[in-house]
Amino acid sequence: MSDKFVYQNARVKSMESTLFSSQSVGRLLDCTSTDAAFKALTDMGFGSGASVADGNFDALFGVEEARAAEFLREFNADGALDVFLAEYDFLNLKTAFKSSITGKKPTEAPNGSYEFDEIKGWLAQDAKTDVPAHFVSAVSELKSLAQSETVSPHKADCIVDKALYAYIFSTLKKSARLERRYFTIKADCANIGAFLRCKRLGLSKAYFIEGFIEGGELDFLPSIYDASLDALKEKCKRTEYGDWVIKAVDDGNLVGFEVAVDDALLKLFKDEKNDLFGIAPIVAFYLTKVTQIRVAKLAVAGIKNGVDQAKIKERMRELYA
C-alpha cells in the first residue's frame, strides 16, 4: 500500500473547514438581494484574498474556478489526477477551436495540464509529440473540420468529447476502481441526457450516434433510439440509473436527473474520503469545490431573476459533509 497520498490527504483534512456548510448555503438562499448574496459569499470565504469589485459575481466565480483547478494541479502526485485535469484541457480545446472559427474572444476555462495559449497554438501548428495521442487526434480532426464549407459546432463538440473519454478510459489503470466508475457513470449519463434531448427535439438517430460516447455500459442506446421512450425506461430499469431515467421521462425534464447524477458522482468519493492512502479525499474535496461554485451560481441566478426559493432548492446538489 502506497503512502504517497497520506501527507496530501492530511492537508485536505485540514482544509475541510473552508467548505460550505448547510447553514452557509441556507444563509445564501435566504438572501433577497444580490448585494446581500455577494456579502454572504465573501463572508464565507468565497474568493478570499482576491481583488474583486463588489457585485462582480463573474470575477468571484472565476477566482474560485481557477482555484479548484489549481488545487488539482497542486495535489496531482505521479499523474494520479491527470484524467480530471484533462476535462479542463479538452474543454479549452473546444473553446480555442470555436474562437479560431468565429474570431470572437474566447472565454477560457482554467488551465488543466496545459496552458490555454499552448492548446490554442496546436490548432495553428501541430501538437507536440509528447502530448497524449487522443489530444493530437482531436486537434487533427478539428483542423480538418475547419476546412469544411460549413463548420458544425455540434461536430466539433462530438470530436472533442469522444477524444476526452477515449483518453480517459485508455489512461485509467485497472486498479483505479473509483475513477473508472466515476467516468463510466459520466459517460452513460451524458449519453442518456443526449438521448432524451435529441428525442425531444425530433433529431435523427444519426445525429445522436454522432455524439455517442464510447466506454460506458449502456451500449444499447443507439439500437433503441427509434423506439418509444418506454423502451428506454425498460432497458434502464435494472441499471443504477433506472429510477432517474424513469423520473426524467415521466416528468419531461432533466433537472432531477442531472441533480441525481451529480450527487451520485460526489458520493462515490465522499463515501471513501477517510481513506488516506488513495485519492478519494482529494477528489471528494475537489468535486465539492466545483459543486459549491455551481450552488453559488444557481442561488445568485435565482435571486437576480426572482425565482422562488423552492425552485432553486430543486436544483441544489449535495455537498461534502
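These questions and answers walk through one predicted model. Residues are numbered from 1 along each chain as its sequence is written, and side-chain values use heavy atoms, leaving out hydrogens and water. As this is a predicted model, local features need pLDDT of at least 70, side-chain atom pairs count only at pLDDT 80 or more, and totals for chains, interfaces and linings use all residues.

Student: How many helices and how many strands are in the chain?
Tutor: Both are DSSP runs, numbered from the N terminus. Helices are H or I with at least four residues, and strands are E with at least two. The count is 15 helices and zero strands.

Student: Is Asn9 buried or exposed?
Tutor: Asn9 sits in helix α1, residues 6-15. Buried means under 20% relative accessible area, exposed over 50%, and partly exposed in between, with a 1.4 Å probe and protein chains only. Asn9 has 1% relative accessibility, so Asn9 is buried.

Student: Which residues does Asn9 touch, not counting those up to four places away in sequence?
Tutor: Contact means heavy atoms within 4.5 Å. With that cut-off, the list for Asn9 is Asp275, Leu276, Phe277, Gly278, Pro281 and Ile282.

Student: Where is Asp78, and what is its phi?
Tutor: Asp78 lies in the loop between α4 (57-74) and α5 (82-102). Its relative accessible area is 67%, so Asp78 is exposed. Asp78 is a residue other than glycine, yet its phi is positive, near 55 degrees.

Student: What percentage of the 321 residues is buried?
Tutor: Asn9 is buried, whereas Asp78 is exposed. Over the 321 residues of the chain, the buried part is 46%.
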